[in-house]
Amino acid sequence: MVLTRLRWELPQIPEWSCYVWAPLHLPIGIALQSYLVACFFPEAQRRTAFLNLALGGALHLAVDLLQTHFGMGYLLF
């Protein structure tokens, strides 16, 4: 949202910079983020960390579906 607002006021900011983070709000993006962050945990805790992160991401997406979007919404798939 901040980048979109800046783009309105500073046209030299490229348009792609506003949408570069969109894949992180897709199920595959959340799964990849969960996996990468879980890799930083000790090996014995990685599975639990991944499951907690992935379930938190799924909850985040579920709550996002309840929002009213002003502008571009999230494309889940």
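At 1.5 Å a residue, the 12 residues of α3 should span 16 Å, and the C-alpha atoms at its ends lie 16 Å apart, which agrees. The expected span of a helix is taken as 1.5 Å times one less than its number of residues. Helices (H or I, at least four residues) and strands (E, at least two) are DSSP runs, numbered from the N terminus. The model is predicted: local features need pLDDT of at least 70, side-chain atom pairs count only at pLDDT 80 or more, and totals for chains, interfaces and linings use all residues. Residues are numbered from 1 along each chain as its sequence is written, and side-chain values use heavy atoms, with hydrogens and water left out.

Of its 77 residues, 14% are buried. Here buried means under 20% relative accessible area, exposed means over 50%, and partly exposed is in between (1.4 Å probe, protein chains only). Taking the contacts in the protein between residues at least 6 apart in sequence, 32% join residues at least 24 apart; a contact means heavy atoms within 4.5 Å.

The buried residues of α3 are Gly29, Ile30, Ser34 and Ala38. Seen down the axis of α3, these buried residues fall within an arc of 160 degrees, so they line one face of the helix. The arc is that of the directions from the helix axis to the C-beta atoms. On the other side of α3, the exposed residues are Ile28, Leu32, Tyr35 and Leu36. The buried residues of α3 pack against α4.

Helix α4 can be described in the same terms. In α4, Ala49, Gly57, Leu61 and Asp64 are buried. They cover an arc of only 105 degrees around the axis, which puts them on the same side of α4. Arg47, Asn52, Leu55 and Leu59 are exposed on the other side of α4. What covers the buried residues of α4 includes α3 (27-38).

The axes of α3 and α4 come within 8 Å and cross at roughly 150 degrees. That makes α3 roughly antiparallel to α4. The crossing of the two helices is right-handed. The contact is made by Pro27, Ile30, Ala31, Ser34, Tyr35, Val37 and Ala38 of α3, and by Arg46, Ala49, Phe50, Leu53, Ala54, Gly57 and Leu61 of α4. The axes are lines fitted to C-alpha atoms, for helices over the stretch in contact, and angles run from 0 to 180 degrees between N-to-C directions. Angles under 35 degrees count as roughly parallel, over 145 as roughly antiparallel, 65 to 115 as roughly perpendicular and the rest as oblique. A crossing is left-handed if the near helix is turned anticlockwise from the far one by less than a right angle, and right-handed if clockwise.

Ser34 is found in helix α3 and counts as buried because its relative accessibility is 4%. Not counting residues up to four places away in sequence, Ser34 touches Phe50, Leu53 and Ala54.

Leu53 is found in helix α4 (residues 46-64). With a relative accessible area of 32%, Leu53 is partly exposed. Beyond residues up to four places away in sequence, Leu53 touches Ser34, Val37 and Ala38. The C-alpha atoms of Leu53 and Tyr35 are separated by 8.3 Å, and the two residues are 18 apart along the chain.

Arg46 also has its place in helix α4. At 34% relative accessibility, Arg46 counts as partly exposed. Leaving aside neighbours within four places in sequence, Arg46 is in contact with Ala38, Cys39 and Phe41. Arg46 and Ser34 are 12 residues apart along the chain, and their C-alpha atoms are separated by 10.0 Å.
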